[in-house]
Amino acid sequence: MRIKQQHFRTIWQQAEAVCLIDQTRLPFEFVTVNVTTLAQMCHAIRSMQVRGAPLIGAAAAYGVALGVQQTASDAQVRDVVTQLCATRPTAVNLAWAAQRMQQALLALPESARAMAAWQLAQAIADEDVTQNLALGQHGKALIAAKGSVNPQQVVNILTHCNAGWLATVDGGTALAPIYAAHDAGLKVHVWVDETRPRNQGASLTAWELAQHGVPHTVIADNAGGHLMQHGQVDMVIVGADRVTREGDVCNKIGTYLKALAAFDQNIPFYAAVPTPTIDWQLARGADIEIEMRDADEVAYMQGQGADGQVQRIRVIPHESTALNPAFDVTPARLVTGIITEHGVLTPAQLHTLAA
C-alpha cells in the first residue's frame, strides 16, 4: 500500500536483516527498524512494533530465519520456535507460521537450513499478500451489492481496531474489501473505532485510510451502537486474531459489543481473515487463551502535544488499578459471514475449507 505515494510492505528482508515499520511510532512518526537477531524480533512482536495476526505470523517466520543463521541444529530450531510462540499467545498465525518453518527445516540437512529459512519466510510473506488481495475482492462484492440498492448513497462501514495493511504484510484483511471498493470507484465511508486501549483504530486505521484517500471518521468506541440505531452503519467488517472451526471470532477487545449491537439492529457483521487465521484444532471460542497485557496500556495514552512532541500521559488516578484483556470472542451466532480468500462463508460452512 501507499505511504506518501510510495509503496511499502510492513516487513521485508534486506540482506541478512529484517526491516519493519515501527507501528508504536505511528501516526506521528514513520520509522523503520532493522532487526538482526531473534531476541530483537521477539521484542518487536511482544512490544507490538509489529502487530496484527497475519503480520506477526510473517514476523515469526522471519524470526526463525534470523534464529538459525549461526546454528541450525534440531535443538536450535525447536528452541527458536518455542521462544517466538511464547511472545503472544492468542493470534494463531504466529504459531502456525513458526511451526510450519520448524517442520520444513527439520526435514532438511542442517547445512541447508539457513538459506531455506529465508526462502520459506519470504514465501509465507508473499502468500499473505496474495490471500489478502483475494479476500478483498470477495469483500468488495458485498460492498458493491449493498451500494447497488441506492448507487447515489455512500456505503457506511464500521470497523474495529486495525485490520488494514499495517496488520498484514500488505493488502489488509477487514480493510482489503474497502480499499478494493474505493479503488473501483464505489462510494464508501468508514467509521473508525478509536479502539482503546492503544488506540489502533485512531492511530493506525485512520492513518492508513488517509494515506489511501478513503473517506473516514474516527469515533469513540462507544458511539458505534448509537450510529447503528440511527441507520448510519450499513455493515461491520472486522479482522480476527483467531477464528475457530465452528466460526467463533476472537478479535480486539470490544468487538463482541459491536457484534451484539449489529445483531440487534439487523446489520451484517463480517470477519475478514485469510485461512491461516482459522484454527482447525479448536472448536469453541471459550477455549482460546486470551492475552492479558500490561495495565499501563489502559492507564496511559500517547499523543502529540501542542508543541508537536509525542507525549505519554496518565489518564487514571495513581491509586487505581486497571485490567487489560487484549481480546474478546464473538460467538458464531452473531457472525453473518467470514470473508476469506476462497469466498464468503457462513460459520456453518467453514468446515468446507478444511477438506
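1. First, a term we'll need: a salt bridge is a side-chain nitrogen of Lys or Arg within 4 Å of a carboxyl oxygen of Asp or Glu. Keep in mind that you're looking at a predicted model. Going by that rule, there are twelve salt bridges here.

2. Have a look at Arg242 and Asp279: their closest N and O atoms are 2.6 Å apart, which makes a salt bridge. Arg242 sits in strand β10 and Asp279 in strand β13, 37 residues apart, and the pair links these distant parts of the chain. Both Arg242 and Asp279 are buried.

3. Next up is Arg88, which forms a salt bridge with Glu291 at 2.9 Å between the closest N and O atoms. Arg88 is in the loop between α3 and α4, while Glu291 is in the loop between β13 and α10, so the pair ties together parts 203 residues apart in sequence. Arg88 and Glu291 are both buried.

4. Now for a charged residue without a partner. Glu208, in helix α7, is buried but has no salt bridge. Which side chain of opposite charge is nearest to Glu208? That's Arg51, 6.3 Å away. Among the residues Glu208 touches are Asn162, Trp165 and Tyr179.

Notes: Residues are numbered from 1 along each chain as its sequence is written. This is a predicted model: local features need pLDDT of at least 70, side-chain atom pairs count only at pLDDT 80 or more; totals for chains, interfaces and linings use all residues. Side-chain values use heavy atoms; hydrogens and water are left out. Helices (H or I, at least four residues) and strands (E, at least two) are DSSP runs, numbered from the N terminus. Buried means under 20% relative accessible area, exposed over 50%, partly exposed in between (1.4 Å probe, protein chains only). Lys and Arg count as positive and Asp and Glu as negative; His and the chain ends are not counted. Contact means heavy atoms within 4.5 Å. Lists of a residue's contacts leave out its neighbours within four places in sequence.
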